[in-house]
Amino acid sequence: MLDNRQANIVLVGARQNPKGAIVVLPGEAGGAVQTLPLSMALNLIHPAHVIEILCMQERAFGGSGLPKPPDIGES
Amino acid sequence: MNKTYDIDTLLDEVVTLPSLPGTVAHIMRLVNDPQCALSAVAQAISSDPPLAMKTLRLVNAAYYGLRQQVGTIEHAVVLLGIKVIKNLAFTATVFDIMKGSVEGFFIHSAFSGAAMRVLVESGHPNPQVQSGEEAFVCGLLHDIGKVILDEFLPEECVKVARLCQKEHMPAHVAEKEIIGVDHAEVGARLAQKWKLPDGISDGIACHHDLRRSNVRMYQQVGAMIGIADYLCITAGLAVDENAVAVVDDEVWQLTNITSHEIPGLFDKFLASMPTVRELMTLAV
């Protein structure tokens, strides 16, 4: 993240019922994790990473048929 | 040990840059003349029937969004203006050059053109690249140096591909290591030979390295190409499925594209995909 925190991106939903990307931020000092929809976390994320997340989301949920990257298997 | 070149030696000893077909070169000269009449451009395109046919196919492609069918070059010139028609005739010519290259290259080039068009039409125009058609041409051409390197130095290009895969390295870095010159330098020289505007040739030259131009406006074109390229590679629309894309922070700063704009730009890019795919079928 732009503030040097490490976060995870989780895609929620399925192709038939997509919910979108969620940013999971670590809790401060061992506190509870914070979750934010991608749209609410844009000011914390570098534009290049936003593109990566949107591509990942499109591959998982979208209908445009973006090619699958070679290192991602079926799940 | 590979023999490496500098760009001038490469062009003197190994590579012959292709010339622009005569009709297209003539059209470019006409359009650059402020006194040029619409009818002269129409006549020049119509005098080359294959080019006229290909240009009309593009004019009527859904990608360019005309609401009416256009049956003649004269009508197209009146409707769209000479600059747009020049860009379409030029696009048809570049499609001809690219259709013989590997499929992934053509896909990457066409979608980079589409991404450039989205950037320019979404509030990021540049004095050098003001219209969507100019932006498309710029993105379409940005990697044309790869076609030339592949034609004249096929063995070295195989080594480049191996090095990229092995070291997870961007192509331009591997080309520098193996050949001494990268595709951006070669593409820029081709754009100069074709007498394209300096903004396009310098933009191509610096799309991986902004220091290759001293002119901020041209660096901005290079930065926009770099981002269009990054978007396509990240989306899997790359020449090689193992392609690696890197964009320096300086590039983002130069274009002023923010994280908040990306979702809107990405949606427009996705929305253009079906029409870009149709456009590509017209090149065959």
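Predicted model: local features only at pLDDT ≥ 70, side-chain atom pairs only at ≥ 80, totals over all residues.

Student: Start with chain A. What is the strand order in the open sheet of three strands?

Tutor: The order is β1-β2-β3 in chain A, and the pairing is antiparallel.

Student: Which strands are the edges?

Tutor: β1 (8-14) and β3 (34-37) of chain A, each of which pairs on one side only. From one strand to the next, the twist averages 30°.

Student: How many bridges join β1(A) and β2(A)?

Tutor: Seven bridges, in the antiparallel sense, with β2 of chain A covering residues 17-25. One residue pair to look at is A:Gly13, whose bridge partner in β2(A) is A:Pro18.

Student: What does helix α1 of chain A lie across?

Tutor: Helix α1, residues 47-61 of chain A, lies across β1 and β2 of that chain. The helix runs at about 25° to β1(A).

Student: Now chain B. At what angle do α4 and α5 of chain B pack?

Tutor: Helix α4 (residues 49-59) and helix α5 (residues 73-80) of chain B pack at an angle of about 45°, and their axes are 10 Å apart. Because of that angle, α4(B) is oblique to α5(B).

Student: Is the crossing of α4(B) and α5(B) left-handed or right-handed?

Tutor: The crossing of α4(B) and α5(B) is left-handed.

Student: Which residues make the contact?

Tutor: From α4(B), B:Ala52, B:Thr55, B:Leu56 and B:Val59; from α5(B), B:Ile73, B:Ala76 and B:Leu80. Sorted by type, the residues of this contact are six nonpolar, one polar and no charged.

Student: And where is B:Ala61?

Tutor: B:Ala61 sits in the loop between α4 and α5 of chain B.

Student: Does B:Ala61 count as buried or exposed?

Tutor: Its relative accessibility is 3%, so B:Ala61 counts as buried; the cut-off for buried is under 20%.

Student: What does B:Ala61 touch, not counting residues up to four places away in sequence?

Tutor: With those left out, B:Ala61 touches B:Glu278, B:Leu279 and B:Leu282. As for B:Asn214, which is 153 residues from B:Ala61 along the chain, the two C-alpha atoms are separated by 38 Å.

Student: Different topic. What is the phi of B:Lys195?

Tutor: Phi of B:Lys195 is positive, about 60°, although the residue is not a glycine. Most residues other than glycine have a negative phi.

Student: Where is B:Lys195 found?

Tutor: In the loop between α12 (183-193) and α13 (198-205) of chain B. B:Lys195 has 63% relative accessibility and therefore counts as exposed.

Student: What about the phi of B:Asn256?

Tutor: B:Asn256 also has a positive phi, near 60°, and is a residue other than glycine. B:Asn256 is in the loop between α15 (249-255) and α16 (262-281) of chain B. At 56% relative accessibility, B:Asn256 counts as exposed.

Student: Last one. How many residues of helix α8 of chain B are buried?

Tutor: Ten of the ten residues of α8 (residues 132-141) are buried, so this helix of chain B is largely enclosed by the rest of the structure. Among the buried residues of α8(B) are B:Glu133, B:Glu134, B:Phe136 and B:Cys138.

Student: What covers the buried residues of α8(B)?

Tutor: The cover includes α6 (82-98), α7 (103-121), α9 (144-152), α13, α14 (216-234) and α16 of chain B.

Methods:
Residues numbered from 1 in each chain as written. Chains lettered and ligands numbered in written order. Heavy atoms only, no water. Axes fitted to C-alpha atoms, helices over the stretch in contact; angles between N-to-C directions. Helix = DSSP H or I, 4+ residues; strand = E, 2+ residues; numbered from the N terminus. Parallel < 35°, antiparallel > 145°, perpendicular 65-115°, else oblique. Left-handed = near helix turned anticlockwise from the far one by under 90°. Contact = heavy atoms within 4.5 Å. Nonpolar A, V, L, I, M, F, W, Y, C, P; charged D, E, K, R; others polar. Pairing = 2+ DSSP bridges. Buried < 20%, exposed > 50% of the residue type's maximum accessible area, 1.4 Å probe, protein only.
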